[in-house]
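Welcome! Please take a moment to look over the structure below, and then we can walk through it together.

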Amino acid sequence: MIPRRLEAVRPVASTIHGGYTSSTEESLDFRTRLLRTLRAVEPVLGVQGVLIAGSEVPNLLQPDAESTLVVSQDVDIAVPVQRHAAVKARLTELRGLLRAEAEPSVWLPQSPDLIEVNFIGMDTGNERPGETYVLEDSELPLLVFAHLSLLRPGKALNVEGLEIPVPRPSGLLLEKLLTDRSAEKGDRDLLVALGVLLVSEPRDLEELETQYRGLSAELRYAVRSGLSMLSLLEPRVQMPDPTPHRALVAGLMARLERLEQDR
Amino acid sequence: MNEALHERARRARERALIRACEYRQRHYANGVWFRFRRVLVDAAEAWIIGDDDGNRLENGGRVPLPVGRELAPPIRVFFLSKEELEAISDRRQVPARLCAELLHAGNLALLAHAGVETAKYTSIACTSATPRRK
């Protein structure tokens, strides 16, 4: 994969819009906070199979993890349920973060130079395939999201000496297009999918096709539905603008529809 | 037991059930939004045109897209070439998204992205049932 800088919609003046930070300086600062947070959780990132998931991945996939998109002020760490014990054993090594009492899967920053960390579960071993469920644990309970099972480990990024495990774009793209959230959160998921699409290479899209073929008819329809919504979204501050990329989305839609005809 | 996580899991499962239901209903009224969005995905530009131009196009053999008839009130939707579009003087561009302005249109002229095959949308004849606007 060749890293590309993602152009985000620029904010007007120096306002705060919808909870997004807005100036370039703050965006650069966000990169620092993101990387410092990942360094704080480095012991966990070393557990095999653990991946950074969610909206920060397109930030990290940019050249030198430039982090031009400020989608949310937290980072998701996907833990394979099979590696839960190994991750739990390393929680004592985390620095600068404290487990939230009310929500033990959330770790809160103890200083403003860090961001919140959310541990979420992925069931790649198909122990409970296609199901969203809670993995109970007093120290590290996990909400295991069904579609995170689509994530496959990609090549770890090395940013300033820090090894960051990220998923392959194809699985992340599908997972985000399958968002079943609505309104603002759903739109953000779809714009994250766009961010991933924009850093994807031809071979990533071939891989996406292979994964897409393996989905149920219902999920394939949901992927196409997600793409159609993405194409029609309005620009949002600090997110990639879908407008100039609508032809790209239409092209991907056509590819997926051709796969439907081949079935 | 972590009640908050269980509540989020319950909501996620509920959304999955709704999606499954929507999938089963996709060929019916509920699916029209996907079908309409799908058409707009292929549109690089969307223009509102008048009834007279809509009638002229239809009388000239242009078949409105079936999905437009599924809406109430119906919208006559045409994919046009750039030349055909430019020949219509009374036209107003709207964003290619499900905004109020577009949904209130009686007639829509769409310009497809380069390379998009639009004949697929008119493979089902729908000339007689489309109400004409006066």
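Predicted model: local features only at pLDDT ≥ 70, side-chain atom pairs only at ≥ 80, totals over all residues.

Residues are numbered from 1 along each chain as its sequence is written, and chains are lettered from A and ligands numbered from 1 in the order in which they are written.

Let us begin with chain A, whose secondary structure comes to 9 helices and 9 strands; helices (H or I, at least four residues) and strands (E, at least two) are DSSP runs, numbered from the N terminus. Of the 263 residues in chain A, 44% are buried. A residue counts as buried if 20 or more other C-beta atoms lie within 10 Å of its own, as exposed if 12 or fewer do, and as partly exposed in between, with C-beta atoms placed from the backbone.

Next, find helix α8 (residues 217-231) and helix α9 (residues 246-262) of chain A, whose axes come within 9 Å and cross at roughly 165°. Axes here are lines fitted to C-alpha atoms, for helices over the stretch in contact, and angles run from 0 to 180 degrees between N-to-C directions. α8(A) and α9(A) are therefore roughly antiparallel to each other, a label for angles over 145 degrees, with under 35 counting as roughly parallel, 65 to 115 as roughly perpendicular and the rest as oblique.

Now look for the largest nonpolar core, which has 100 residues. Such a core is a set of buried Ala, Val, Leu, Ile, Met, Phe, Trp, Tyr and Cys residues joined through C-beta atoms within 7 Å. Among the residues with the most contacts inside this core are Ile52(A) and Leu110(B). Helix α6 (residues 183-198) of chain A gives the most to the core, with 7 residues.

Where do the chains meet? The contact takes 27 residues from chain B and 25 residues from chain A, two residues being in contact if their C-beta atoms, placed from the backbone, lie within 7 Å. On the side of chain B that touches chain A, α1(B) provides the largest share, 12 residues.

Finally, visit Glu131(A), in the loop between β5 (116-122) and β6 (133-135) of chain A. Glu131(A) is partly exposed, with 16 other C-beta atoms within 10 Å.
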